[in-house]
Amino acid sequence: MANSINISDAEMHIMNVLWDNSPLTAADIDARLSPKTGWHRKTVNTLISRLVSKNAVGFTPHRSGRQYFPQVERADYSQAAAMHVVDRLFGGRVAPLVAHFVEEQGLSKEDLRELRSILKELPDDD
């Protein structure tokens, strides 16, 4: 499911709010986003409707309309989106992606520690 859902940058704001706090009404979502984004309520409603049509967001009836909730887990979507980038830009190989970040962005000492720790925990394929 997460593989086939394309979520725009604007829609991702809605998803992040719902992943952090759900279920929420459209008014609740708007109250959390409008101070940061400056969006009007109509924009929030449009984005929610798009996400519902993509099956990324579901809803249940509520006394004040509908309560919305994510239908895809953040981790599942993140993994699918990351793999899409790796496949599309790096031929499905992760090493060139990491090399790109090292060469272009540099890595902090904390990033290096985390990567070393992750690599140590991986089984050898020998």
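A crossing is left-handed if the near helix is turned anticlockwise from the far one by less than a right angle, and right-handed if clockwise. H2 passes H3 in a right-handed crossing. The model is predicted, so local features need pLDDT of at least 70 and side-chain atom pairs pLDDT 80 or more, whereas totals for chains, interfaces and linings use all residues. Residues are numbered from 1 along each chain as its sequence is written, and side-chain values use heavy atoms, without hydrogens and water.

Helices are DSSP runs (H or I, at least four residues), numbered from the N terminus.

A nonpolar core is a set of buried Ala, Val, Leu, Ile, Met, Phe, Trp, Tyr and Cys residues joined through side-chain atoms within 4.5 Å; buried means under 20% relative accessible area, exposed over 50% and partly exposed in between (1.4 Å probe, protein chains only). Beyond four places in sequence, Ile29 is in contact (heavy atoms within 4.5 Å) with Ile14, Val17, Leu18, Leu24, Val44, Ile48 and Tyr68.

Ala26, Ala27, Ile29 and Asp30 in H2 meet Arg41, Val44, Asn45 and Ile48 in H3.

Valine 102 lies in helix H5 (residues 94–104). Because its relative accessibility is 40%, valine 102 counts as partly exposed.

Notes:
Helix = DSSP H or I, 4+ residues; strand = E, 2+ residues; numbered from the N terminus.
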